[in-house]
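Let's take a walk through this structure together, one piece at a time. Have a look at the sequence and the 3D view first, then read on.

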Amino acid sequence: MPMPCANCGAPTQLVSGPYLNSSLGLYCGYCRRSEPLPPDAAERVRYLQWRLMQLGQARENDEAPLRTVARLKRAWVPVLVVFFASTVLQISQTLSTVQAVQKAAPQAVHDVAFPMAIGLSMFAGYLFGYVGMLRGYRRAVKPLLRARPPMAAGLAIRCRSCGGDLPNVNAPEVVCRYCGAPNQLDKELTTRTGELLQAEISAYQARAAKVYSHDAFRAPTKAFYRWGAAGAVVALVVCVAAIQLVVAALGGGGDVHSPPRSAGP
Ligand SMILES: [Zn+2]
Ligand SMILES: [Zn+2]
């Protein structure tokens with residue numbers, strides 16, 4: 001609600017400060033006049049602020065699993081570099097050991113190469129898990145972080161959490177000045193307005209009927225473990241099969257190549 005300054009008519013701001021007993025007042029940035037809010041108005045403001053604070057806390061609880069996603073995203077490059085370096089090191093060590101033992105004991109190649117298969121499958125598990133997490137985030141979480149579309153053409157885009165009007169900014173994300181919720185902005189807010197408004201109504205109905213679930217925020221972390229495990233298993237199977245083939249080839253090849261070599265000198 002607009003609250004023009006009683007002195008100059010400019011819009012005033014709600015501020016907290018030492019105003020009589022109530023700590024809320026109106027401040028005009030143009031003529032620098034400030035006045036305390038009447039007690040009933042201040043009480044109303046405090047009540048509404050309390051409601052917004054509760055809303056914010058509920059939202060943060062619901063979105064707590066996203067902190068794990070944020071941690072995984074921050075660690076992505078360093079962990080990848082460490083994994084990559086250790087995998088390259090392990091492969092080179094394994095290859096030199098394999099070269100050393102392959103003539104003497106082709107069957108031992110399997111034992112020598114197996115730790116490498118474990119290392120490679122962990123690396124693959126991490127890669128797959130990360131891809132799965134990004135996919136889960138895009139599918140399940142991103143739509144929930146999007147701001148609410150404008151109620152009608154020309155009106156403001158609204159906060160996904162409190163419904164307050166959001167400032168018109170040209171950025172991928174804007175933080176609500178009322179409840180502090182980060183809102184993602186994208187083209188779909190203008191291209192799919194009708195569809196999004198319909199989805200919003202369905203979400204309210206689902207919440208009212210208590211069939212609304214916030215499990216969507218856990219989807220990326222779950223996908224990380226699910227995809228990671230599947231990727232690791234597949235990689236392990238492929239690596240072990242490859243090692244078996246190499247061992248078989250060495251075993252067969254050893255018989256073919258060894259005699260001429262030993263017969264040569
Ligand atoms: Zn003024
Ligand atoms: Zn808000």
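Keep in mind as we go that this is a predicted model. Helix H2 covers residues 65-102 and helix H3 covers residues 108-145, and the two pack at an angle of about 160° with their axes 9 Å apart. Angles over 145 degrees count as roughly antiparallel, so H2 is roughly antiparallel to H3. As for handedness, H2 and H3 cross in the left-handed sense. And what sits in the contact of H2 with H3, by class? There are 21 nonpolar and seven polar residues there, and no charged ones.

Now let's zoom out to the chain. If you trace the protein chain along the sequence, the pattern reads β-β-β-α-α-α-β-β-α-α-α.

Next, the sheet. Three strands form an open sheet in the order E1-E2-E3, and their pairing is antiparallel. Which strands stand at the edges? Those are E1 (13-16) and E3 (34-36), and each has a single partner strand, so one side of each goes without a neighbour in the sheet. On average, neighbouring strands of this sheet are turned by 35° against each other, if you ignore direction. In general, strands of a sheet pair through backbone hydrogen bonds, in either a parallel or an antiparallel way. Here, strand E2 (residues 24-27) pairs with E3 in the antiparallel sense, over three bridges. To find a bridge in the 3D view, pick out Tyr-27 and look across to E3, where its bridge partner is Ser-34.

How is the chain divided up? The domain assignment gives domain 1 as 13-62, while domain 2 is made of 65-144 + 211-256.

Finally, step back and take in the overall shape. Along the principal axes, the C-alpha atoms of the protein chain fill a box of roughly 110 × 40 × 30 Å. The radius of gyration of the protein chain is 31 Å, whereas a compact globule of 265 residues would come out near 18 Å.

Definitions and conventions: Residues numbered from 1 in each chain as written. Chains lettered and ligands numbered in written order. Predicted model: local features only at pLDDT ≥ 70, side-chain atom pairs only at ≥ 80, totals over all residues. Axes fitted to C-alpha atoms, helices over the stretch in contact; angles between N-to-C directions. Helix = DSSP H or I, 4+ residues; strand = E, 2+ residues; numbered from the N terminus. Parallel < 35°, antiparallel > 145°, perpendicular 65-115°, else oblique. Left-handed = near helix turned anticlockwise from the far one by under 90°. Nonpolar A, V, L, I, M, F, W, Y, C, P; charged D, E, K, R; others polar. Domains from an automatic or database assignment. Pairing = 2+ DSSP bridges. Rg over C-alpha atoms; globule rule 2.2 N^0.38 Å.
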